[in-house]
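Trainee: I have a new structure to read. Where do I start?
Mentor: Open it, and we will go feature by feature.

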Amino acid sequence: MISDKTAENRELIKEYPFLAVEKGNDRYSWYDDIPEGWKKAFGLQMVKELKDLLLLASKRDGVDWLREYEITDVKEKYGSLRWYALEPSCIIDEYEEWEEKYENLSYETCIECGAPADGHTMGWIVPLCSRCAKKHGWELAPEKTGNEP
Ligand SMILES: [Zn+2]
């Protein structure tokens with residue numbers, strides 16, 4: 001369904017210009033790189049909060065951060081969402097708080113369906129609910145005891 005995706009990205013980029021992978025190209029967005037379950041659970045909330053932060057940054061230092069803010073990578077790593085970008089230094093505290101919030105939230109959210117995760121797969125660590133784990137025949141690791149590194 002390429003056309004649906006394109007339409008979705010057009011809308012997204014109109015509202016959140018910083019999601020464009022390439023300036024002037026509204027077919028692809030960094031939003032595409034967020035795993036489905038996480039998108040469903042908190043994707044829009046996350047980019048909405050980011051937009052508010054960028055507007056706050058613009059108010060503080062006069063730079064048009066909705067245009068200047070540049071994402072370099074969005075991906076899952078060690079079971080949580082990583083969002084790489086050059087953040088405006090005038091909102092560094094708020095920005096780090098935002099980043100950490102979604103890193104933690106993603107770790108607790110099923111990467112496939114967005115339900116609260118019941119555990120994490122072993123080896124390639126991803127958070128899954130027990131239903132999605134069962135669907136794949138994957139076993140979930142026992143929860144961390146706090147003694148592990
Ligand atoms: Zn699930």
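**Reading the fold, step by step**

Mentor: Start with the inventory: the protein chain has 5 helices and 7 strands. Keep in mind that this is a predicted model.

Trainee: What pattern does the protein chain follow along the sequence?

Mentor: Walk along the sequence and note each element in turn. Here the pattern is α-β-β-α-α-β-β-α-β-β-α-β.

Trainee: What does the C-alpha trace span along its principal axes?

Mentor: About 50 × 40 × 20 Å for the protein chain. Look at burial too: of its 149 residues, 29% are buried. Then look at contacts between residues at least 6 apart in sequence; 41% of them join residues at least 24 apart.

Trainee: Next, domains. Which ones does the assignment give?

Mentor: Domain 1 covers 1-32, and domain 2 covers 34-115. Their centres, taken over C-alpha atoms, are 16 Å apart.

Trainee: How many residues of each domain are in contact with the other?

Mentor: On the domain 1 side there are 6, and they meet 10 residues of domain 2. Now sort the domain 1 side by class: 6 nonpolar residues, no polar ones and no charged ones.

Trainee: Now the strands. How do they pair in general?

Mentor: Strands of a sheet pair through backbone hydrogen bonds, either parallel or antiparallel. Take β3 (residues 70-77) and β4 here: they run antiparallel, joined by 7 bridges. Find Ile 71 and look across; Ala 85 in β4 stands opposite.

Trainee: Is β3 buried or in the open?

Mentor: Count its buried residues. Of the 8 residues of β3, the number buried is 0, so β3 lies largely in the open.

Trainee: What sits between β3 and β4?

Mentor: The two strands form a hairpin with 2 residues between them. Tyr 78 is in that loop. Its phi is near 50°, a positive value in a residue other than glycine.

Trainee: Why is Tyr 78 classed as exposed?

Mentor: Count neighbours. Tyr 78 has 11 other C-beta atoms within 10 Å, and a residue is exposed if that count is 12 or fewer.

Trainee: And where does Gly 79 lie?

Mentor: Gly 79 is also in the loop between β3 and β4. It counts as partly exposed, with 18 C-beta neighbours inside 10 Å. Leaving aside neighbours within four places in sequence, Gly 79 contacts Tyr 107, His 120, Ile 125, Val 126 and Pro 127.

Trainee: What about the hairpin of β1 and β2?

Mentor: Strand β1 (residues 20-22) and strand β2 (residues 25-29) pair antiparallel over 2 bridges. Glu 22 has Asn 25 in β2 as its bridge partner. This hairpin has 2 residues between the strands, and Gly 24 takes a positive phi near 85°.

Trainee: Which strands form the open sheet, and in what order?

Mentor: Three strands, in the order β6-β5-β7, with antiparallel pairing. At the edges stand β6 (127-128) and β7 (140-141). Each has a single partner strand, so one side of each is left without a neighbour in the sheet. Look at β5 (residues 119-121) and β7: 2 bridges join them. There, Thr 121 stands opposite Leu 140 in β7.

Note on methods:
Residues are numbered from 1 along each chain as its sequence is written. This is a predicted model: local features need pLDDT of at least 70, side-chain atom pairs count only at pLDDT 80 or more; totals for chains, interfaces and linings use all residues. Domain bounds come from an automatic or database domain assignment. Two residues are in contact if their C-beta atoms, placed from the backbone, lie within 7 Å. Ala, Val, Leu, Ile, Met, Phe, Trp, Tyr, Cys and Pro count as nonpolar, Asp, Glu, Lys and Arg as charged, and the others, Gly among them, as polar. Helices (H or I, at least four residues) and strands (E, at least two) are DSSP runs, numbered from the N terminus. A residue is buried if 20 or more other C-beta atoms lie within 10 Å of its own, exposed if 12 or fewer, and partly exposed in between; C-beta atoms are placed from the backbone. Two strands pair if DSSP finds at least two bridges between them.
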